[in-house]
Amino acid sequence: NRWKEIAESIVDSTEIDKYDQLVKQAFMHSNAETQLESMGYRVGFVLAERLSKDAAKFNTELEIVKFICKEFWSNVFGKQVDNLRTNHAGVYVVQDNNFSMLRTFSDSTQFTKDIGIYLAFPSGVIRGALACLNVQAIVTATVESLPVVKYHLQLAKKA
Amino acid sequence: MSKTTKTGSLVDAKKMSAELFTLTYGAFVTQMLKDYEDPQVVTAKLDKIGFDMGTVLADDFLAKSANVPRCQDCKQIAEVLSKLAIPNYLGVPATVSNWSSGDREFSLIIESNPLTELVEIPDHLKATLNYSQVIAGAIRGALEALHFKVYAVAVENASNTEIRIKLDSILKDSLPAGEDY
């Protein structure tokens, strides 16, 4: 409804400066999912910092993703990932067949529609961990049947 | 809430990484501080969350520890809390001290509170935010489910967390806690 307020109050696009504060507020006003994601980002960043301090130097993007899937995953989510695939062009698909944060749900497709909010936090954790290791990425999760989850990591091209 | 093994994988699938837990709780409190903008409101919310957890934990506790006798006085409550409940659910031991008001008030001292590992509370929040109030709330909720009305507040000391508990009354009403009266 903030957007509506803005849309109604702005008649001329040149007037947008007048409503600068309102526009800023509308952007700041994030929903639960993005807030959870940003909480996860912070947690993942700090965790990766702590876990990677004794790790050998990473030379390639793949080594970083492997570190996330092995050491990081087993320390944070209790086990290693079950499958890691890549198209060698910056897209990685990480599959965990028994994801720790989904184990409390019954194994079925009953809740897959509502599961998004529960995956916002761990997605943020992974994005934060990657960011800590200097890899910017877009992390999205898909669930077909619980507790299997697939994370799509879309890494940004290095400048 | 258990320590990870040397290989890094967790022995028990039901347990979670202690660091993940601590950091998540920290991020959670930080977010609440941003949302409510008043540390005292955050403390109250943490207490409420703890209370709700406590009412459920009481059931779980009784189901798991069948040979614990019914507590008759505050001494026994303190004993069960420090020797069984806190080590079970928090993974660390607690000691009882500072008895006052005729054995109706005591402190539980938690030496290495897992919630405050890796945490530094900013000076301007120290007076108004009870960071570990969720534990105090859980104790209050659990005891209320067992018909003991208590006041509990968590105070951060320099080296430990002190949970001050005061027994108010023993409830006679048989309605389960959390239900509307």
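Modeller: The model is predicted. Between the chains, 14 residues of chain A are in contact with 15 residues of chain B. The area buried between chain A and chain B is about 1,300 Å², and carbon and sulfur atoms give 63% of that area. Met39(A), Arg50(A) and Asn75(A) supply 34% of what chain A buries against chain B, more than any other three residues.

Of these, Arg50(A) also takes part in a salt bridge with Glu19(B), in which the closest N and O atoms are 3.0 Å apart. The count of salt bridges between the two chains is one, and two residue pairs are in polar contact, both at pLDDT 80 or more. On the chain A side, the elements that give two or more residues are α3 (32-51) and α4 (61-77). The largest share, seven residues, comes from α3(A). By type, the chain A side divides into seven nonpolar, five polar and two charged residues.

The largest nonpolar core has 41 residues, and those with the most contacts inside it include Phe72(A), Trp73(A) and Tyr151(A). Both α3 and α4 of chain A, together with α1 (18-36) of chain B, are among the elements that each supply at least two residues of this core. The largest share, nine residues, comes from α4(A). Leaving aside neighbours within four places in sequence, Tyr151(A) is in contact with residues including Trp73(A), Phe99(A), Ile126(A) and Val139(A). A second, separate core of 37 residues includes Cys71(B), Ala78(B), Ile110(B) and Phe148(B).

Conventions. Residues are numbered from 1 along each chain as its sequence is written. Chains are lettered from A and ligands numbered from 1 in the order in which they are written. This is a predicted model: local features need pLDDT of at least 70, side-chain atom pairs count only at pLDDT 80 or more; totals for chains, interfaces and linings use all residues. Side-chain values use heavy atoms; hydrogens and water are left out. Contact means heavy atoms within 4.5 Å. Buried area is the accessible area (1.4 Å probe) that two parts lose on being put together, summed over both. A salt bridge is a side-chain nitrogen of Lys or Arg within 4 Å of a carboxyl oxygen of Asp or Glu. A polar contact is a pair of N or O atoms within 3.5 Å; within protein, one must be able to donate a hydrogen and the other to accept it, and residues adjacent in sequence count only if both atoms are side-chain atoms. Helices (H or I, at least four residues) and strands (E, at least two) are DSSP runs, numbered from the N terminus. Ala, Val, Leu, Ile, Met, Phe, Trp, Tyr, Cys and Pro count as nonpolar, Asp, Glu, Lys and Arg as charged, and the others, Gly among them, as polar. A nonpolar core is a set of buried Ala, Val, Leu, Ile, Met, Phe, Trp, Tyr and Cys residues joined through side-chain atoms within 4.5 Å. Buried means under 20% relative accessible area, exposed over 50%, partly exposed in between (1.4 Å probe, protein chains only).
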